[in-house]
Amino acid sequence: MGLPAHTDHGLLTLLIQNDTVGLQVLHKDKWVNIHPIPNSFLANNGDHIEILSNGKYRSFFHRAVVNYRDVRKDINSTGTWTGRRHRHESGSNVAGRWSEPIGIPSNKI
Ligand SMILES: O=C(O)CCC(=O)C(=O)O
Ligand SMILES: [Fe+2]
């Protein structure tokens with residue numbers, strides 16, 4: 001399942017994922033794949049860290065895309081995802097809806 005572009009609202013999100021690429025971060029107006037590192041947690045700054053650090057530690061837009069080849073599994077320490085608690089990219093034409101596969105062509109992963 002994919003997730004549209006958003007920032008996490010809390011302090012820190014810890015993510016455990018299998019080896020299937022799906023997480024992307026918006027960097028200089030481009031979506032960049034974040035390749036999982038085996039046996040590790042991925043730590044992602046949330047909005048509260050950005051606020052408490054006066055912007056020193058940014059809470060970046062990210063999204064999760066699906067692909068047609070492999071199953072992607074991840075566990076998120078924040079437990080829930082709701083639209084209201086996340087800052088969404090307005091007018092996004094790429095993130096799509098929950099059930100809409102965004103699809104990284106498998107030869108690009
Ligand atoms: O599936 C992912 O890698 C991202 C999950 C995520 O961004 C979230 O749950 O806030
Ligand atoms: Fe997130």
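Author: By class, the shell around ligand 1 is made up of five nonpolar, four polar and three charged residues. Here Ala, Val, Leu, Ile, Met, Phe, Trp, Tyr, Cys and Pro count as nonpolar, Asp, Glu, Lys and Arg as charged, and the others, Gly among them, as polar. This is a predicted model, in which local features need pLDDT of at least 70, side-chain atom pairs count only at pLDDT 80 or more, and totals for chains, interfaces and linings use all residues. Residues are numbered from 1 along each chain as its sequence is written, chains are lettered from A and ligands numbered from 1 in the order in which they are written, and side-chain values use heavy atoms, with hydrogens and water left out.

Twelve residues surround ligand 1 (each with a heavy atom within 4 Å of it), and the closest are His6, Asp8, His62, Arg72 and Asn76. An oxygen atom of ligand 1 is 3.1 Å from an N or O atom in the side chain of His6. For the side chain of Asp8, the corresponding distance from a ligand 1 oxygen to an N or O atom is 3.0 Å. In the side chain of His62, an N or O atom also lies 3.0 Å from an oxygen of ligand 1. On its own, ligand 1 has 300 Å² of accessible area, of which the protein covers 93% (Shrake-Rupley method, 1.4 Å probe).

Strand E1 (3-7), strand E6 (62-64) and strand E7 (74-76) are the elements that give two or more residues to this shell; strands are DSSP runs of at least two residues, numbered from the N terminus. Thr7 lies in strand E1. Thr7 counts as buried because its relative accessibility is 0%, the cut-off being under 20% with a 1.4 Å probe and protein chains only.

Definitions and conventions: A polar contact is a pair of N or O atoms within 3.5 Å; within protein, one must be able to donate a hydrogen and the other to accept it, and residues adjacent in sequence count only if both atoms are side-chain atoms. Helices (H or I, at least four residues) and strands (E, at least two) are DSSP runs, numbered from the N terminus. Buried means under 20% relative accessible area, exposed over 50%, partly exposed in between (1.4 Å probe, protein chains only).
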